[in-house]
Amino acid sequence: MIAKRVSVFFLVLVIATSVVPVPLSAQGSNVSPVAPRKELVASVVREAYDKFRSDTSGKNADYIPALAEVDSKLFGVAVVSTDNQVVTIGDINYSFSIQSISKVFTLALAMNELGPDEVFKRIGSEPTGRAFNSVEAVVDMPTHTGNPLVNAGAIATASLVSGKTEDEKWNKILAFYSKAAGEKLKLIDEVYKSEAATNAGNKALSMLLAKYERIYSDPFESVDVYTKQCSVGVNAIQLARMGATLANNGVNPATHEQVIKREDIPYILSTMMMAGLYDSSGGWAWHVGLPAKSGVGGGIVAVVPGKGAIAVFAPRLDDAGNSVKAQRVIEYVANKLDYNLYSPSSVGLK
Ligand code: GLN
């Protein structure tokens, strides 16, 4: 009898400690003013984690050799609310390359410097309906750049960041991402070297943009800055906090610093909704209804405005380049917690 009680206690303990609701921030409160209760989020996250844990569909990106080496079984989920409640499960300390998710934050930095109108004029924000690295889109689209979340538009966006030298621009970008994460982030050198050695396609895109006068610094320098930004390492918690900064009107919920201008948030989130998952963004909007961004490193972050963000890391990708498990987990959690922005009840209608 006692033995049974002890084992039940340990079972409860194991469950309680493997979904770790980190205590609330400085305020000492444990009730979020906006997010559903932490316990509810933690139990839904665990359900999703268990449901999709053994899914082995998709495969690691392999066009960047270092990404093919990452253990494809890694799987971590983090939720950070706008009042900095944190719920995590799985491999949440593993630092993976942010890849295309970086594009969102370089866009934010470019808007900080130039304002949204200038960025819209120089980059645009239209879906390409093509793969993220499409050459055809650059040729066909009237803007050539397409939008800031495909490779061509992202390289052009990186070229907008000011600085006297390449190093100055890169350091500014890294410092900006770190402020959004609330922690000092670092380059994963191995990923950078691997991608720099194999990025002829991105260099070709940059030269094509130069032909159309749609890149605003030296093309190859801009590709190098872009390659470095894609190679920044984040873990699931850091990524979720970057998303929560977007959800929180640009204010990092942990440091309380205004990182992104409040008035720029709607432009960023609408661009994410339109193109965050490349040419499967339409299906994502249909099924999930949340602005999100994926990266070929296996991360996806989805933003729930005013409430928080959910980040998932799982390296196996579908054909469009989006993490399979991350999409499934976010869809599950968003549906269970009624996060879809277009659902009548999520905006208070019956
Ligand atoms: N660095 C990658 C590339 O340029 C980013 C692509 C992605 O994450 N979709 O191809």
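I call a residue buried when its relative accessible area is under 20%, exposed when it is over 50%, and partly exposed in between, using a 1.4 Å probe and protein chains only. This is a predicted model, in which local features need pLDDT of at least 70 and side-chain atom pairs count only at pLDDT 80 or more, while totals for chains, interfaces and linings use all residues. Residues are numbered from 1 along each chain as its sequence is written, and side-chain values use heavy atoms, with hydrogens and water left out.

**Strand β2.** I take strands (E, at least two residues) and helices (H or I, at least four) as DSSP runs, numbered from the N terminus. In β2, residues 76-81, I found 6 of the 6 residues buried, so the strand is largely enclosed by the rest of the structure.

I count two strands as paired if DSSP finds at least two bridges between them. Strand β3 (residues 86-90) runs antiparallel to β2 and is joined to it by 5 bridges, with Val-86 as the bridge partner of Val-80. The hairpin of β2 and β3 has 4 residues between the strands, and there I noted Asn-84 with a positive phi near 65°. Strand β9 (residues 308-313) also pairs with β2 in the antiparallel sense, over 6 bridges, and Val-312 is the bridge partner of Val-77.

**Whole chain.** I recorded 15 helices and 9 strands for the protein chain. Its radius of gyration, taken over C-alpha atoms, is 20 Å, close to the 20 Å that the globule rule (2.2 Å times the number of residues to the power 0.38) gives for 350 residues, so the chain is as compact as a globular protein of that length. Buried residues make up 56% of the 350 residues.

**Ligand.** Which residues surround the ligand? Counting a residue as near when one of its heavy atoms lies within 4 Å, I listed several, among them Tyr-63, Phe-132, Glu-195 and Val-296. For polar contacts I used pairs of N or O atoms within 3.5 Å. An oxygen atom of the ligand is 2.8 Å from a side-chain N or O atom of Ser-100, an oxygen atom of the ligand is 2.9 Å from one of Asn-202, and a nitrogen atom of the ligand is 2.6 Å from one of Tyr-278.

How values were computed
Polar contact = N/O pair within 3.5 Å; in protein donor to acceptor, adjacent residues only side chain to side chain.
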